Each structure stands twice: as structure tokens, then as C-alpha cells.
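Here is a briefing on one protein chain. Look at the structure first, then read the points by topic.

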Amino acid sequence: MRDFVVRSEPLLTPVQVAERVLIETLSKTDAEDGNLLTFRGMPGSGVDRVLQTALEYARENGWLDFFVTLVPWEREVPYSALERVCLKMSGLRYLLEELSPERDPVDLGRQVLKSLDEHFDQDERKILMIFDHLEYCDPLSSVVFRYIVMRATARGANFVLGDSLAFPVDLGDELRQAVYTEPNAHLFVLPELSASDIVAVIGQRAGTGIAIGEGERVRRLTGGRFEAVNAYLNSVSEEHLADLAAIRTLPSLTSARMPGAPPLRLAELSETMRLAAEVCALQPDGVSMQTLKLVSNRLGVPFSVDTAVDGNIVVMNSLTGMLHLYDPLSAPDLLERTDEGRLRVIHSALADLTFGNESRIQSVLATPTIDQQIVTRILDTSADLEANGNAQEALELLDVAVERARTCPENVNGYKQLLRKFGHVFLRQFSPVQYQERIGDFAKFAESDADFGFMYLCLRTVKAHGRLEARDLRLEYMAQPAESVDHEFMQAEISRLELLSAAQTGPETIPAALQDVQARFGALVDREPDDPELKWINARGRLLSIGSLVLAFSVVYGVATNADEEARKLVGHALEFPDESSDALDALTAAGLVLGSMGRIDEASEIVSMARARHVRAASAALIGGQLDVLDLDLAQRRGDWDAMRSMIDDAYVRAFDGMDMPTRIVVPAFKSWLLAVDSTRDEAERYLTVAKDADKYIYPGHAMDMMVLADAEITRLRDGAEAALNVLEDADALSRNQLSRRLLGMRIELLAQTGDHETMAELWNRIQAIHESKGAQDTAEFAWLEGLVLIGRGETDAAREVFAGGIREARSKFVHAKCHLQLANLYAGERGGRESAMEHFKQARIAFRAIGAKVYEDEAVDQLQKLTSSGQERLAALTPRERQVATLAARGWRNKEIARELSIGVATVAFHMSNALQKLGVAKRSELSSVIG
């Protein structure tokens, strides 16, 4: 490992990856071998956290540890860093009197090594020496350190050093060179956290749903510093973490200080330093030196590179050259203490120096007041952005404009106009959870204005984790006398949310909600809203979407009749709507889900293609748009096309958390977990399974929801065995959403075959056949390997052999092909004379499993093949020399007469030895000898 820049891994930040590598390295350390591990990064990148992890590991494992933290003010004091080491290690205290500038540093290093040798003679424990803030090491101490670190490592000491990229020093550079010469020396560079890293951190603390919505906000607030992100999370209570709305409405987070950050004393700062801090506070992504210079010119502030960065308030990332606040969480305090006129000038300068939407936002922030002319311009710009497919940029611009307009009491009407536009844009995107902090704005006008009441209720209803709340408020809003046709459309839309809530609750609550929503939209079929902003609510389209939602859930709950015919009708109706209709997109998706669950893979795949083509042109967000990814993954798994699953899984994982489709947030990580599990990447599989389980807080029904249980059972089987996996599946069977899952029933049969419970296997197979019949399933060949296992349990091996062979011929899934080969091989391996056939099918299974990346099952086929081969060799060793000669020639195709002539023995004697050899080798006829003898 050389100059290793730590990269993120799925669900892990660079800091967590570094911690894992650190523990792995230390755990493999022998008593006589040492390690030198140097971690470097910008302040706040997580180096301190890694060093603390090393300390915790040492103490948990009974190592002798010494933790030394160096401080800035001692950097100019001779031997100050070495003095701290001597104070920490009581055995070196006698050196304190000799720490003088006149003393030879190398001679002191020799004395330290001598003391360490005495320690090794007296204490058998491993030793770990940790140095934090290595950049503050004084020059004389660095000479001693260079001497002892390189030699003590070879004698069994372990060193973990923390260095800063912001303050490179001679010692750090010297030890870096050691990495290229010492076999046990490692250098790790910790970069700043990316947006995805921050999502991972928040996801581990607060749940993935919150992380996706909060990641960008936290990144901007904390400047991508690991310590700052953790400080932010520590400042928010667990109750707040459970609800995104509460997080969004928190006041200034200035109580969440980065540990060790110095207090801001603006009066003591140079003009350039203060301006640099202010610009960094406004630009948490980082500020270039050129941008700072241009802003300085705009304000007439003398610019000096030397006074722009001090390392305590403003630091420079030596990897990127960008300036950042050392303590990003001080930004609110800093900006509050900056004159508004000065801030507007800075915003104005940044507007000229940036591009696109960022420039627009800076322009809004630079305006002294939001007058009507500015309001009109912002409304027109946001409308253009949304029309051009940039709805997210429109939301960002409107969000800033609403915040600015809130502080302009002289233009309340402009504030309401911006807020109304903002509300309609985010409702069209159907992602209200991303802007929960606006609830308070809409609440001001909710009682007096039906339009604002509608927006407020949508925000109040749709919460984090996709759950729907505030049912009493919904019922109250729907019970009001309609003031206008627009009000009727808004009430009908709220009734659709009520139906969605009922669908999440269970089948018994659906009929009443369905009747209400159909009546409301049915009365509006020949009408349309007067307000252009509400034109996206189309009554005919909503009725189609509602019908598709009900059909999909009726299939999930097993109460659908003629589902395939109804699904095809949905497709026909959907194609009558324009491409931009989100309702038609929902109908296509639901039809695909229904047909896919019935095993009509080709029809479902065709519908997915149609839906994908419409998805990119949809004018507003679909209600169950995320189910397209779920359906696509499900169909790819049923086809055995695992390469297709892998190619789409990462994008699907991100999209799963974009909208309100909560089941998607469970199923997509579950697919990822299962793929990793069968590919023998269990640790990573367990992390994705945790994400799926965390998302499943409300036990939602939905398509392919059984994948989470399947992944859980697969991981449990690999970790704890078949019995434990069966317990997972039996617990899952208690939930109604899992009782119609043929996948889960199939896995139970497979596990029961391993435990020998043939009676229960037969019962479960009867359930699978009943589901086949009730759904009119057309993918029965995909379950051939299960039927074969049941037949074997009944003792009908010939019938099982035919079923396995049929599965190989007819099943379209490569996974099923491989499973049938594997089971057929096991069947032949247990029969006398079946060794050659068993080996062939084991080889075919191995090839098929390898082709799709199912390493767990490939290893199983390889193990069985090796056992069969070693068994044949053992039986071959049991032959007498003469039996071996006879069998070897027979395996080459020689007849008895030819063998007798070659060996100069009688034909009867050849027949006698041949009979003995066949019996000992366990083969039925001489034509199978070649598979044993080779």
C-alpha cells in the first residue's frame, strides 16, 4: 500500500474505510513486527477520529498504548514534542533533564530506543504509539522521531501518526519517503467528504430517507468536514432526526462547534482575512484565491495572499487550492455580524463571478429589497426553468427568493406570489419532503386561502419515510364547502392522498377511500381548473391512476380477479393520454407490476420499455414512478440476467430516495444486498440489508417486497446455516405481504431439502402450485428445480430427473439452469454408476453460476466436484495392481480378449478382475471407467 488516497465504498465514508483498514492492519500485526501508519488530511477531514479508533482498539485488545497530542504554541520550543512523549511514557522521564538545544538529537534517539528495548524485555504486550497533530512537531524533536520511528517499527512497535495536508512539515515529508522503502509502512490521505459520503454518515445516524434529502444541505453547512458533520448531528436530538420537518425548522446551529475551533474575533482580523472568512461562509463549497481577489477589488479591500489564510480561521486545501472556513459551523455567526450592505456587495460580486442558477441566486441575495419588478422577473425565470426541465433549479431559486421576500414587509403580496409559485412547483415534482422548512410560511395563510391550505396540507401530510400523517386535517379540508372549481380539484387531490394512506394501512380501509376519491374526480371529468398552475391535475388521468393503484394493491393482497385482462385494459387507456401524463405513466407501471407478478415476463418487459420512454417526458412526477426500477430489477432477476441488474442497480438506488415511493426505498437496497450475498460479498450485503430494514419502518406492501426477506435469509444461511435461515423465512411468512411470495416459499423448500423435512416441503409445494393457479402464472418452468427436490423427497428419483432436465431445456433463467444442473448432479452422485453424469452436471453448474456471478453457488458446485474427484481417487487406490491394469486398459476401450493377450492371462481371469474393479469403483458398466480412471 503506497500513498493510498482513501476512497469511499458503498455506504462507507473515507474515514470509515480508513478505520477498517487500520483495524485490519493492526489485527494482523505479529509481536515481532511493527507498523508505521501515517494518516494525512485537511483539518476536520477525520484524521483525529482515525487516531481515536486506533487508541480504542489498543485498549480493547490489551496493548500498551501511548497517545501524544502536540499543540501549536510549542512548535518553536526545542524538544517540546519529545518532552510530551517522555512525560507520557514514565520510563523515559529521566531524559527530561537532558532535553536541551545543545543535546545531539540522534543521541537522544538512541536513548529512547534503548528504553524501548528495556520495555520489550519486561512487558510482552504489543505497544502502540499514537501521535496527533504531527504538523506541530518542533524541528529538534522531528529529528529524534525520524530516528526512533524507523528503528522501533522494525523492533515490533506500532506507530499511528496524524499529519495535516494544510501544514506540511519536514517530519511528515520524511516519513512519507519512508513509506516507499519500509514494507510495513503505510500512508493514507483522507480527502474531504463528498456529498455521497455525507449522505452515508447521516444515513447511519438518521436513516437513508433523511440522508438523501439532507445531504446537500449538511454538506454546504459543514464544508465537507467529517468532524463538522458529526458535530451537526450531535447537536440535533434523536427526536428531530426522526422527522425531516423538525430538522428543517431548526434555528441556527451555532451551538454545534467543531471541537478545538478558536473563537472568532473579527476586530483582530486583517481586512483580507475577514473578507476571506466572509466569502468562505457564503461559499461552503470553497473559494478560489482568484475569486477572493476579485471580490476584494469590488469592495476596495487591499488583497494579500499572505494574510488571506491563517490556518485557524481560513484554511487552504492543498489538494484543490480552495479556501474554506476551518470551522464551517461558525458561518451563521460570522454572517450575522457582517453588515448587510457589505454582504450585498459580496453577493453582487459573486453573481458576476458565477454562472447559471448560482449567479441568479446570488443576484437575488444582492438586492436591497424584493420589489414587484424583481418578483415578476423571478416568477418568469422559474417558469422558464421548469418548462425546460430544470424544476430543481427553479425550486432552489424560489426558495432563496421566498426567504429574502419574507424580510420585506413592504411587499407582502410579492412574498405570497413567490411562495405560491414555489408551492406549485414542488407539488408538481411530488417531493414535498425536500422542503419541509416551508411549512411555517404556508401555515400563515392556510386558514384564509384554500390554495395555501392545500399546499400546507400536502406538506403536513407527507412526512419522512414516506409515511402519511395528519388524517384529521385531511378530513377537515375535504369536508369544507367548495369555494370554486379549483378548490374542488384540490379537495379531490387530497382525497387521493387519503386513498394512498389507506393502501398503506391495509385492504380493509381501501373501499371507503376509493369510493370518495372516485366520486370527487368523477364529478370533475368534464371540467378543468381555472388556475393555470393547477392544470397538471387532470380528472380523467387521476381516475386512471387511481384504478391502476387499486389493481396493483389488489394483486399484492391476493384479491384480484382477471388481473391480466385488467392490466391490458390499463395499458390501452394509458396510451390514449399524451406522453407527458404522469397518470398514464402510473397506469403503465401498475400494469407491468401486475403482469410481472403473474410470470408474463415478455409482456411486462414491453410495458417497461413504453413507460421508460414516457418517463423522461412526464410533466410532473408519477405517484409510483419508482416502481419502474423495482419492476425492471425483478424482471431481470426472473430472466436470470444478472448483468442487467448490476448495470441498473446504482442509478436505481439513488432514484429510490428521490420521491415519495417508500416501497422502492426498501426493495432496491434489498436487490443490491441479495446480489452481493450470492456473489459472496457478505459484509457489504449486510450493510445494504440494514438500509432496507431501516426504510421498512411501516411494513409497507408492494411489488417484490419479498426481496428484503430473501436477502436476509441468504445472508443468514451463509453466516449461520440452513436452520437459522428457515427461522427468518418462517417469521416473514407471518406478514400478509409475504404469504403469496413464490420466491420465499421456494427458498424454504430448498433449505428444508437440506434438513430432510420432506413432509413440509410437499406442503409448501402445494402452496406454490395454488399460487400458480390463482395468478394464471406462465413461468412454472422457473420452479422446476423445486419440483424436482420435492419428488426426490417422495422417492420419485426418475420423475425428478426428468423435471430437472425439463428445467434445463425450458427455463429462461440462467440461474434456474444452473440450479437444475446442480440438483441433477447431486442426484446422479448418489446413484451407483452415476459418477460420470454427476461430474458433467457439476461442471455445467459451475460454468453457469460463474457466468452470472453467483460465486456462493459456484463454490458449492466446485466443492461437490472436488469431493467426487477425490472419492474416485480413493476408490482407485483400493484396486489391486492387476485390477488396476485391467481397468486402465478397459477404460481405453480394449476388449477382454485384447487385455488377456496384452497381460498374458486368461479371458476368464480378465472378467474376474473386471468385475471386482467395477464393484470397487462404484460404476455399473465399463463404459463409465474413463470418468474414474481418466
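Helices and strands are DSSP runs, numbered from the N terminus; a helix has at least four residues and a strand at least two. The model is a predicted one. The chain has 45 helices and 8 strands.

**Overall make-up**

- The chain holds 934 residues, and buried residues make up 57% of them.
- Among contacts with a separation of 6 or more, 69% are between residues 24 or more positions apart.
- The accessible surface of the chain comes to about 38900 Å². Carbon and sulfur atoms account for 49% of that surface.

**The open sheet**

- An open sheet is formed by 6 strands, and the pairing is parallel.
- The strand order is β1-β6-β2-β5-β4-β3.
- β1 (4-5) and β3 (64-69) are the edge strands, and each pairs on one side only.
- β3 is joined to strand β4 (residues 127-132) by 6 bridges, and the two run parallel.
- Across from D65 stands L128 in β4.

**Helices on the sheet**

- Helix α3 (residues 80-88) lies across β3 and β4. Its direction is at about 145° to β3.
- Helix α5 (residues 139-154) also packs on the sheet. Helix α5 touches β2 (36-41), β4 and β5 (158-164).
- The direction of α5 makes about 140° with that of β5.

- Is T13 buried or exposed? T13 has a relative accessible area of 0%. The cut-off for buried is under 20%, so T13 is buried.
- Beyond residues up to four places away in sequence, T13 touches L193, D197, A200, V201 and F226.

**Aromatic pairs**

- A search of the whole structure finds 16 aromatic pairs.
- F39 and F188 have ring centres 4.6 Å apart and planes at 10°, so this pair is stacked.
- F39 lies in strand β2 and F188 in strand β6 (residues 185-190), so the pair ties together parts that are 149 residues apart in sequence.
- Both F39 and F188 are buried.
- F422 and F426 pair edge-to-face, at 5.3 Å centre to centre with 70° between the planes.
- Both F422 and F426 lie in helix α19 (residues 412-429). They are 4 residues apart, about one turn of the helix.
- F422 is buried, at a relative accessible area of 0%. F426 also counts as buried, at 0% relative accessibility.
- One aromatic cluster takes in Y415, F422, F426, F442, F445 and F452.

**Nonpolar cores**

- In soluble globular proteins, nonpolar side chains tend to be buried together.
- Which residues have the most contacts inside the largest nonpolar core? They are W642 and W674, in a core of 89 residues.
- Helix α31 (residues 662-678) gives the most to this core, with 11 residues.
- Leaving aside neighbours within four places in sequence, W674 is in contact with Q637, W642, M645, M707, L710, A711, E714 and F815.
- A second, separate core has 66 residues, including I370, I374, F489 and L524.

Technical notes. Residues numbered from 1 in each chain as written. Predicted model: local features only at pLDDT ≥ 70, side-chain atom pairs only at ≥ 80, totals over all residues. Heavy atoms only, no water. Core = buried A, V, L, I, M, F, W, Y, C linked by side-chain atoms within 4.5 Å. Buried < 20%, exposed > 50% of the residue type's maximum accessible area, 1.4 Å probe, protein only. Contact = heavy atoms within 4.5 Å. Areas by Shrake-Rupley, 256 points an atom, 1.4 Å probe, with all protein chains shown as cover. Pairing = 2+ DSSP bridges. Axes fitted to C-alpha atoms, helices over the stretch in contact; angles between N-to-C directions. Phe/Tyr/Trp six-rings, centres within 6.5 Å; stacked < 30°, edge-to-face > 60°.
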